[in-house]
Structure formats: C-alpha cells, structure tokens
Amino acid sequence: PNGTKTTTTNQTGAISSQVFTIEPKIVNNIRYVIAAADFSLQGTPTGISGIVFADTTSAYAINNNVTVTISFSTNMPSNDDTRSFTVIGNANPQVL
C-alpha cells in the first residue's frame, strides 16, 4: 500500500543504471509478501531504456524484497535532470 517517491541526487556522468529496493510492509498487523513477477513498469518513460525486477530470496517468502534495476538510455547530464517512472504492482497478505 502507498508507494514512495525516491529521489537520487548528485549523480552525474556515466551512470548507466540505478538500483532500488521494494520492501513489503506490515499494515494493521497484516504482514505482506511480494514477488518480482507482480511488478511492472507503466508506459515507456523518457530517458529509461529498461527495467528489471528481481526477487532477493524466494517469491512470496517473508524475507523477500524486490530489487528494481533501471537502465538509462543516456548518461546523466552535469545539470539537474529528472527521470520519472511509475511501477505498478501488488503485495499480498501472508498466508499462514
């Protein structure tokens, strides 16, 4: 529930990719679990050539996070630049 906006600053030059991590939460005493297969990129954002979602352990395991590797289609300029993207996905309540 409720995504988070992430900002990376002070990055210039030959940066070809950036890695983020999606971590499930506990909401109202319900533990959520996630899998890379449940996430996708919405649309084709400018300046981003691809995105890869990967499980850090096993899909839907309690300790699984999902890494998100974003590949940029151009190097970051020396001045400020914004690359925006939207990830769509769902977490599922843990089944005991």
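## Notes on an all-strand predicted model

1. Let me start with F85: at 31% relative accessibility, F85 counts as partly exposed. Here buried means under 20% relative accessible area, exposed means over 50%, and partly exposed lies in between, using a 1.4 Å probe and protein chains only.

2. A word on provenance. This is a predicted model, where local features need pLDDT of at least 70 and side-chain atom pairs count only at pLDDT 80 or more, while totals for chains, interfaces and linings use all residues. Residues are numbered from 1 along each chain as its sequence is written, and side-chain values use heavy atoms, leaving out hydrogens and water.

3. The overall picture: the protein chain has zero helices and eight strands, and its pattern along the sequence reads β-β-β-β-β-β-β-β. Helices (H or I, at least four residues) and strands (E, at least two) are DSSP runs, numbered from the N terminus. Of the 96 residues, 21% count as buried. The chain exposes about 6,600 Å², and carbon and sulfur atoms supply 46% of that area; the areas come from the Shrake-Rupley method with a 1.4 Å probe, and for residues only the protein chains shown count as cover.

4. Contacts across the sequence are worth a look. Among contacts in the chain with a separation of 6 or more, 65% come from residues 24 or more positions apart. Contact means heavy atoms within 4.5 Å.

5. How many aromatic pairs does a search of the whole structure find? There are two. Rings of Phe, Tyr and Trp (its six-membered ring) pair if their centres lie within 6.5 Å; planes under 30 degrees apart count as stacked, over 60 as edge-to-face and the rest as tilted. One of the pairs is F20 with F85, which is tilted, at 6.2 Å centre to centre and 50 degrees between the planes. F20 lies in strand β1 (residues 17-22) and F85 in the loop between β6 (66-72) and β7 (86-89), so this pair ties together parts 65 residues apart in sequence. At 19% relative accessibility, F20 counts as buried.

6. F39 and F53 form a stacked pair, 6.3 Å centre to centre with 25 degrees between the planes. F39 sits in strand β4 (residues 39-42) and F53 in strand β5 (residues 48-55), so the pair ties together parts 14 residues apart in sequence. Both F39 and F53 are buried. Leaving aside neighbours within four places in sequence, F39 is in contact with I22, I34, F53, V66, V87, I88, G89 and N90.

7. Next, the core. The largest nonpolar core has eleven residues: F20, I34, A36, F39, I48, I51, F53, V66, V68, I70 and F72. Such a core is a set of buried Ala, Val, Leu, Ile, Met, Phe, Trp, Tyr and Cys residues joined through side-chain atoms within 4.5 Å. The elements giving two or more residues to this core are β5 and β6, and β6 gives the most, with four residues.

8. What is the order of the three strands in the open sheet? They run β2-β3-β8, with antiparallel pairing; two strands pair if DSSP finds at least two bridges between them. The edge strands are β2 (26-27) and β8 (92-93), each pairing on one side only. Two bridges join β2 to the antiparallel strand β3 (residues 30-33), and V27 has I30 as its bridge partner in β3.

9. The loop between β2 and β3 deserves a backbone check. Most residues other than glycine have a negative phi. In this loop, N28 has a phi near 50 degrees, a positive value in a residue other than glycine. N29 is in the loop between β2 and β3 as well, and its phi, near 65 degrees, is also positive. N28 is exposed at 69% relative accessible area, and N29 is exposed at 78%.

10. Is N64 buried or exposed? N64 is buried, with a relative accessible area of 0%, and is found in the loop between β5 and β6. Its side chain reaches the backbone nitrogen of T56 at 3.0 Å. Not counting residues up to four places away in sequence, N64 touches P24, I34, A35, D55, T56, T57, S58 and A59.

11. Last, V95, in the segment after β8. V95 is exposed, with a relative accessible area of 74%. V95 and V33 are 62 residues apart in sequence and 9.0 Å apart in space, C-alpha to C-alpha.

Note on methods
Polar contact = N/O pair within 3.5 Å; in protein donor to acceptor, adjacent residues only side chain to side chain.
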